[in-house]
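I record each look-up in the order in which I made it.

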Amino acid sequence: MRTHTLKVSIGILTAGLLTLSACKNSEFLEVAPRSQADAATAYTTVDGLDGALNGVYDRLQSTLLYGRDFLAVAEALGDNAQFTNKSGRLVNENRNIANVSFGNWATSYFAINQANLVLDNIPNVAFAVGDTARRNSLQGQAYFLRALLYHDLARAYAYDPGAEVTSQNRGGVPIVLKGVADQTTLTYPARSSVADVYKQIYADLQSAIAAFTRTNAAAPAYGNLQAAQALFSRVALYNKDYATAVQYATVAIAGSVKISPNASYVGGWRAPRQPESIFEIQYTQPENIGVNTSLQTSYTTLVRLGDLNATGGFGDLVPTVTSAGSYTAFIPDLEAEKSTTGQVLDIRRQLYELGTAGRGPAFIECTKFLGKNGTINLDNVPVIRSSELFLNRAEANHFQGNAAAALADLNVIRTRCGLPARTVDELSGAAVQTEILRQRRLEFGFEGQRWFDLKRRGLPVVKVAAQGGGLAATDFRILAPIPINELSTNRSIVQNFGY
């Protein structure tokens with residue numbers, strides 16, 4: 001877990017790009033607004049820089065980011081899940097109602113501002129002799145976190161490269177690279193192009209990798225070398241820069257990144273730290289999100305595995321279990337491959353079980369998040385897992401025409417999950433990409449990746465009428481709306497089409 005030596009909140013930023021009221025809620029304001037002098041002092045010492053970076057990690061814990069929404073809201077928007085209406089939460093997201101989507105704009109820009117201030121001030125802080133590793137680690141973390149935040153902003157509010165709807169494309173997100181310590185330096189930038197946003201993310205990740213190469217920091221609770229390489233692989237895949245996606249997936253895998261073996265994969269989801277985590281958001285006891293919006297309560301009513309007599313959360317979002325017409329269900333897909341005796345082969349099915357009837361009808365529920373820290377609703381959240389690297393590389397190799405390499409990585413995931421390896425005679429051409437997307441869906445079920453995979457590939461979201469009927473890839477609701485208060489204070493910003 002992190003040591004919170006200092007929490008810094010730049011509460012004086014009350015307008016423009018970093019407007020406070022642009023956020024759906026204000027739970028990220030963890031301390032009272034500080035004066036300009038306090039903010040300036042915080043960045044003049046090594047401990048101050050460290051505390052400022054801890055503040056960025058704190059913001060990633062927000063319900064609007066990895067505390068819930070970048071997993072649960074993403075699943076609700078996509079086709080893996082159906083709402084239960086047991087608490088009324090995530091219903092409109094699952095129905096794809098306009099204006100009900102991600103709300104990470106303000107929280108993300110606050111975090112970016114803190115990362116910017118760290119990067120601005122590192123050259124001015126005197127590090128002790130022999131403490132260059134700490135300096136490099138702080139710098140690498142700041143670049144890595146800024147890259148992650150910008151990519152998540154782009155994923156929520158902008159089209160992905162190669163999947164744009166030209167007539168509706170309003171660009172990427174604003175790029176801000178200098179920290180704002182007081183209102184006199186506040187700027188009002190327009191949205192950069194999608195290409196320029198990706199160019200900046202590439203530059204940040206290259207800087208992060210260069211800094212991390214000079215230090216040995218590797219804890220998954222912090223940005224680290226393998227995490228930066230893995231994120232680069234993800235970003236390049238979204239950018240359809242397949243050679244770069246392969247390059248960074250390969251170096252990350254070579255850097256001791258391993259997937260969990262078959263025998264311990266399911267158990268890994270019960271451990272305090274997911275064994276496959278390359279980067280994860282870790283929570284301490286005081287940071288418990290609670291029964292209303294934690295991932296545990298969002299996904300399951302269970303308090304303990306197999307105990308139908310104790311009801312904890314609401315189980316607001318559960319796996320889709322029925323199939324009608326072209327509607328693609330999650331659980332039947334997970335159960336599709338069986339032995340000759342009818343046994344489900346995929347061990348990932350064990351992560352889904354019947355919930356309680358304590359809050360209404362019982363459903364099959366996802367149990368990936370079940371108070372892994374030993375306390376109900378307190379879960380560490382994997383942001384990047386090593387399995388993703390093999391599937392990133394498989395997809396990138398497929399689109400480069402490297403069929404054998406793509407199939408080899410695909411089979412790494414299949415065989416780990418108890419499924420038979422496929423041969424080129426059984427799987428070739430477009431069917432390989434279909435199976436890669438299927439394995440991504442099953443591997444990262446309820447981890448928030450499915451919605452973004454459909455979006456970046458320009459594929460429709462198919463749902464039954466009760467869930468709003470789904471979305472065409474050209475539907476304006478594919479993008480989240482930019483907050484109204486942002487538009488009113490920064491006249492350079494153009495709202496997304498349709499809102």
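I take helices (H or I, at least four residues) and strands (E, at least two) as DSSP runs, numbered from the N terminus. Asp 241 is found in the loop between helix 8 and helix 9. I note that residues are numbered from 1 along each chain as its sequence is written. I also note that this is a predicted model, in which local features need pLDDT of at least 70, side-chain atom pairs count only at pLDDT 80 or more, and totals for chains, interfaces and linings use all residues, while side-chain values use heavy atoms, with hydrogens and water left out.

I looked up what Asp 241 touches, where contact means heavy atoms within 4.5 Å. Leaving aside residues up to four places away in sequence, Asp 241 touches Tyr 202 and Ala 236. I also looked up Leu 459, which lies 218 residues from Asp 241 in sequence and 19 Å from it in space, C-alpha to C-alpha.

Entry on helix 8 and helix 9. Axes are lines fitted to C-alpha atoms, for helices over the stretch in contact, and angles run from 0 to 180 degrees between N-to-C directions. Helix 8 (residues 225–238) packs on helix 9 (residues 242–254) at an angle of about 160 degrees, and their axes are 8 Å apart. Angles under 35 degrees count as roughly parallel, over 145 as roughly antiparallel, 65 to 115 as roughly perpendicular and the rest as oblique. Helix 8 and helix 9 are therefore roughly antiparallel to each other. On the helix 8 side, the residues in contact include Phe 232, Ser 233 and Ala 236; on the helix 9 side, they include Tyr 248, Ala 249 and Val 251. I class Ala, Val, Leu, Ile, Met, Phe, Trp, Tyr, Cys and Pro as nonpolar, Asp, Glu, Lys and Arg as charged, and the others, Gly among them, as polar. By class, this contact has ten nonpolar, four polar and no charged residues.

Entry on helix 6 and helix 8. The axes of helix 6 (residues 132–157) and helix 8 come within 11 Å and cross at roughly 25 degrees. That makes helix 6 roughly parallel to helix 8. Among the residues that meet are Phe 144 and Leu 148 in helix 6, and Leu 231 and Arg 234 in helix 8. This contact has eight nonpolar, one polar and two charged residues.

Entry on helix 2 and helix 6. Helix 2 (residues 46–60) and helix 6 pack at about 25 degrees, with axes 11 Å apart. Helix 2 and helix 6 are therefore roughly parallel to each other.

On a 1 Å grid over the protein atoms alone, a cavity is a set of points where a 1.4 Å probe fits but cannot get out, and lining residues have an atom within 4 Å of a point. Grid points are joined across faces, edges and corners, and a volume is the space filled by probe spheres set on the points. I found five cavities of 30 Å³ or more. The largest cavity holds about 130 Å³ of space. It is lined by 15 residues, of which Tyr 66, Arg 234, Val 383, Glu 447 and Gln 449 are the closest to its centre. Strand 6 (residues 381–385) gives the largest share of this lining, four residues. By class, the lining has eight nonpolar, two polar and five charged residues.

How values were computed:
1 Å grid on protein atoms, 1.4 Å probe; cavity = no way out; pocket = protein on both sides within 12 Å on 5 of 7 lines; lining within 4 Å.
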